[in-house]
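This report describes selected local features of a protein model. The sequence and structure are shown first.

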Protein chains: 2
Amino acid sequence: MTGGVQLPQAEADQRYEVFHTDCPARTVIDHVTSKWGVWVLISLRGGDLRFYELRESIRGISEKMLAQTLRGLVEDGLVRREVEPTTPPQVTYGLTEFGREVSEPLGDLLDRITQRLPSRGEG
Amino acid sequence: MTGGVQLPQAEADQRYEVFHTDCPARTVIDHVTSKWGVWVLISLRGGDLRFYELRESIRGISEKMLAQTLRGLVEDGLVRREVEPTTPPQVTYGLTEFGREVSEPLGDLLDRITQRLPSRGEG
């Protein structure tokens, strides 16, 4: 290894503070951008959904993974879980205000990527 | 399982087309929002970086994971890899135009999350 440009540690620390493994924002971002978190948040932008509706909308997700993903997002305060006292009880998931705020740039991300890529059927 | 609201399949297909596992956008989004992809893209927003600078800036990433993440992002056309013909050769990574476009909402996402969370030291 030879020299090269390297930021002094203090400057690097400031520049990349959020990249520290102990930064709380990093945990939330890891959940938001987890394999399935992004799809759950984008799905819920259209309105509240029941568990099985979410599962239907996100192809390829297992019940276990969906439950685990939802649990993380509820803990982070991004998704709220509402149980209706019917028989059997109906559980609905929706975005909190924070979740809505966070899902906006995800929607934007999705739009930018889909606009650039050829759709299936073309090419 | 009882009834409940469920979208007719054709309507669900249209609404969630990008959620299909065979949609090309889904692969790119999976790379972008992979455990480390998001941090590489955000790191490179500040300018081109060498491999070891990227590694320094993203705490907790292994060399192997960084190399793998960069390979995926280069394949997707989000990151460009430039080799300077020096001795030893220097390899620099930077965002392509597509990468810059995609990293914008990621920066936005990061800002929104960090603004909402208490910083370390408070609370």
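## A polar contact between two serines

In this predicted model, the side chains of A:Ser57 and A:Ser43 form a polar contact at 3.2 Å. A:Ser57 belongs to helix α4 of chain A, which spans residues 51-57. Its relative accessible area is 2%; the cut-off for a buried residue is under 20%, so A:Ser57 counts as buried.

Chain B contains an open sheet of three strands, arranged in the order β1-β3-β2 with antiparallel pairing. Its edge strands are β1 (49-50) and β2 (79-84), each of which pairs on one side only. Two antiparallel bridges link β1(B) to β3(B), the strand formed by residues 90-95. Within β3(B), B:Thr92 is the bridge partner of B:Arg50.

Helix α3 of chain B (residues 37-44) packs on this sheet and touches β1, β2 and β3 of chain B. The directions of α3(B) and β3(B) make an angle of about 95 degrees. Eight of the eight residues of α3(B) are buried, and the helix is therefore largely enclosed by the rest of the structure. The buried residues include B:Gly37, B:Val38, B:Trp39 and B:Ser43.

Helix α5 of chain B comprises 13 residues, 63-75. The distance from its first C-alpha to its last is 18 Å, close to the 18 Å expected at 1.5 Å a residue. B:Leu66, B:Thr69, B:Leu70, B:Gly72 and B:Leu73 are buried in α5(B). These residues lie on the same side of α5(B), because they cover an arc of only 160 degrees around the axis. As a general rule, an α-helix has 3.6 residues a turn, so residues three or four places apart point the same way.

The buried residues of α5(B) pack against α2 (24-32), α3, α4 (51-57), β2 and β3 of chain B. On the other side of α5(B), the exposed residues are B:Lys64, B:Arg71 and B:Glu75. Just after α5(B), B:Gly77 adopts a positive phi of about 80 degrees.

Terms used: Residues numbered from 1 in each chain as written. Chains lettered and ligands numbered in written order. Predicted model: local features only at pLDDT ≥ 70, side-chain atom pairs only at ≥ 80, totals over all residues. Heavy atoms only, no water. Pairing = 2+ DSSP bridges. Helix = DSSP H or I, 4+ residues; strand = E, 2+ residues; numbered from the N terminus. Contact = heavy atoms within 4.5 Å. Axes fitted to C-alpha atoms, helices over the stretch in contact; angles between N-to-C directions. Buried < 20%, exposed > 50% of the residue type's maximum accessible area, 1.4 Å probe, protein only. Polar contact = N/O pair within 3.5 Å; in protein donor to acceptor, adjacent residues only side chain to side chain. Expected span 1.5 Å × (residues − 1). Arc of directions from axis to C-beta.
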